[in-house]
Amino acid sequence: MKRIVLSFVCVLVACLVGHAQGVKFESGTWNEILAKAKAENKTIFVDVYTVWCGPCKHVSETVFPQEKVGEIYNSRFINFKMDAESPAGEEFVKTYPVIGYPTFFFIDGNGKVIHTIVGAKDADGFISEAKMITMYARHGGIDNMMAAIKNGTAGKELLHDYYTSANDRNKPEALNLYLKALPTEELIDENNKLIREISLYDKELMTRLVNEIVKASNDGRFSDGKYDEDFAFSTVFLTQRHIAKFLDRSIEEGNEEWFNELLELKEKFANYGGRFHDGGQLLDGDLRIVRGRGSFFATPEYNKLCYWAKNRVNEEEFKNALVSYMDKLISETPVDSLMEEDRNEILGMLKEEGLEKGRLYASHVLDVGNVTAHNIIVWTDYFWKLSPSDKKTKELCSKWINYAFNVNRFNMRVAFPAADLLVRIGNTKDAKIILEKAIASQKELKNNDPEVYKNLGLKLRDINNGKL
């Protein structure tokens with residue numbers, strides 16, 4: 001009985017081993033392998049190794065025996081091993097030169113190399129390569145595929161394969177190529193999730209997106225309110241966010257060509273006919289700009305000031321534009337009228353709920369002006385450096401700095417750079433007033449964080465002692 005059981009176990013193990021095998025390598029000559037590949041219309045996977053090569057042994061002993069690797073390679077390829085230092089191997093490397101070991105070739109039945117890997121990979125790496133080879137073969141080989149992409153004749157199926165198989169370095173460009181190949185209805189379809197993945201600026205793609213969005217918003221389909229809303233959230237807002245992201249990048253990198261192109265794209269949205277168009281302007285108001293979303297929803301004048309100040313260019317144009325811009329901003333949005341109703345409501349909420357809980361509800365008011373206030377201080381600093389240090393310039397700069405702080409005196413983060421700049425231009429009186437106001441505002445908010453008062457107090461002490 002024991003013998004019967006033991007025999008059954010041995011047979012079972014043998015069956016399991018036979019079923020769950022790794023990569024199966026064929027025997028025979030290279031010419032026989034080529035003939036078999038041609039007859040079966042399969043690609044050959046060739047492991048070119050040497051007996052003294054450590055990585056070769058590692059792959060052979062730990063990677064190729066794995067079932068998940070065998071499952072892919074046995075079904076898709078004819079697998080073959082070649083010892084490069086054997087007589088057959090020496091002939092092989094004359095036709096297929098190697099620069100290191102191990103080297104792995106994917107070769108078609110005509111003997112043409114489709115792809116080459118130099119060096120060891122783990123199991124997932126080999127599986128990924130196998131999927132790519134299948135894709136290459138579907139499109140006539142990697143050379144044909146890349147040539148079609150380069151000369152612009154690649155269709156959307158090829159470009160989709162290229163995108164899904166691309167590495168991290170090439171994926172952004174591959175995505176743009178695929179999106180540009182889509183017909184309009186697929187490109188701006190609310191289910192096209194790939195729009196959110198755009199990370200590389202492409203003028204042609206972004207221009208087409210904007211033009212098609214504007215056109216769709218005016219062709220009658222938006223009479224369906226549900227479609228209008230879904231389209232806005234799935235396509236319109238994402239495109240606007242990308243323009244904002246690329247605008248910020250163009251400012252940061254000083255790319256004037258991109259910057260001007262993106263401003264033109266932004267202006268095209270004035271013709272957007274959907275619900276969320278805010279009178280056709282799609283502007284938040286420059287004082288309500290928030291980080292991350294902001295630059296698309298700012299005025300062109302605002303964006304230009306950011307670009308000129310960041311990149312220290314167009315000095316005279318910058319100075320004239322800033323004077324005009326600040327005059328208009330201050331006259332149209334005086335500090336005493338800024339969000340007075342909202343602020344009173346929030347202060348009441350803070351008094352009832354306490355600062356920490358109230359801040360969750362109040363952040364949209366307490367952070368108002370944060371980005372723009374800091375930008376005004378940056379612009380003013382640049383303006384001061386470009387202008388004569390006379391009384392008129394000092395008064396003008398002081399006016400702008402005070403305005404930047406008073407846009408939202410509850411946002412203490414503005415108090416520090418505002419006070420520092422006022423001291424630099426020689427107006428310590430206003431610097432002290434700003435810090436005193438900042439301390440009083442935090443008390444009004446019932447802020448119990450001692451660090452806040454300590455830092456504001458130390459800055460005020462340094463100014464009083466002339467130590468800044």
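Reader: Between which two elements is the loop that holds proline 102?
Author: This is a predicted model, in which local features need pLDDT of at least 70 and side-chain atom pairs pLDDT 80 or more, while totals for chains, interfaces and linings use all residues. Numbering starts from 1 along each chain as its sequence is written, and side-chain values use heavy atoms, without hydrogens and water. Helices (H or I, at least four residues) and strands (E, at least two) are DSSP runs, numbered from the N terminus. The loop with proline 102 lies between helix H5 (87-95) and S4.

Reader: What is omega at the cis peptide bond of proline 102?
Author: The residue joined to proline 102 by this cis bond is tyrosine 101. For that bond, omega is about -5°.

Reader: Is asparagine 41 buried or exposed, and what is its relative accessible area?
Author: Asparagine 41 sits in the loop between helix H2 (30-40) and S2. Although not a glycine, asparagine 41 has a positive phi of about 55°. Buried means under 20% relative accessible area, exposed over 50% and partly exposed in between (1.4 Å probe, protein chains only). Asparagine 41 is exposed, because its relative accessible area is 71%.

Reader: What is the relative accessibility of asparagine 314?
Author: Asparagine 314 is in the loop between helix H14 (300-311) and H15. Its phi is near 50°, a positive value in a residue other than glycine. Asparagine 314 counts as partly exposed, because its relative accessibility is 33%.

Reader: Which elements do the buried residues of H3 pack against?
Author: In helix H3 (residues 54-63), Cys56, Val59 and Val63 are buried. Seen down the axis of H3, these residues fall within an arc of 90° (taken from the directions from the axis to the C-beta atoms), so they line one face of the helix. Their contacts (heavy atoms within 4.5 Å) are with strand S2 (43-49), helix H4 (67-76), strand S4 (103-107) and helix H6 (123-138).

Reader: Which residues of H18 make the contact with H15?
Author: On the side of H15, the contact is made by Glu315, Phe318, Lys319, Leu322, Val323, Tyr325, Met326 and Leu329. The residues of H18 are Ile376, Trp379, Thr380, Tyr382, Phe383 and Leu386.

Reader: Which word describes how H15 and H18 lie to each other?
Author: Helix H15 (residues 315-332) and helix H18 (residues 370-386) have axes 10 Å apart, at an angle of about 135° (lines fitted to C-alpha atoms over the stretch in contact, 0 to 180 degrees between N-to-C directions). Angles under 35 degrees count as roughly parallel, over 145 as roughly antiparallel, 65 to 115 as roughly perpendicular and the rest as oblique. H15 and H18 are therefore oblique.
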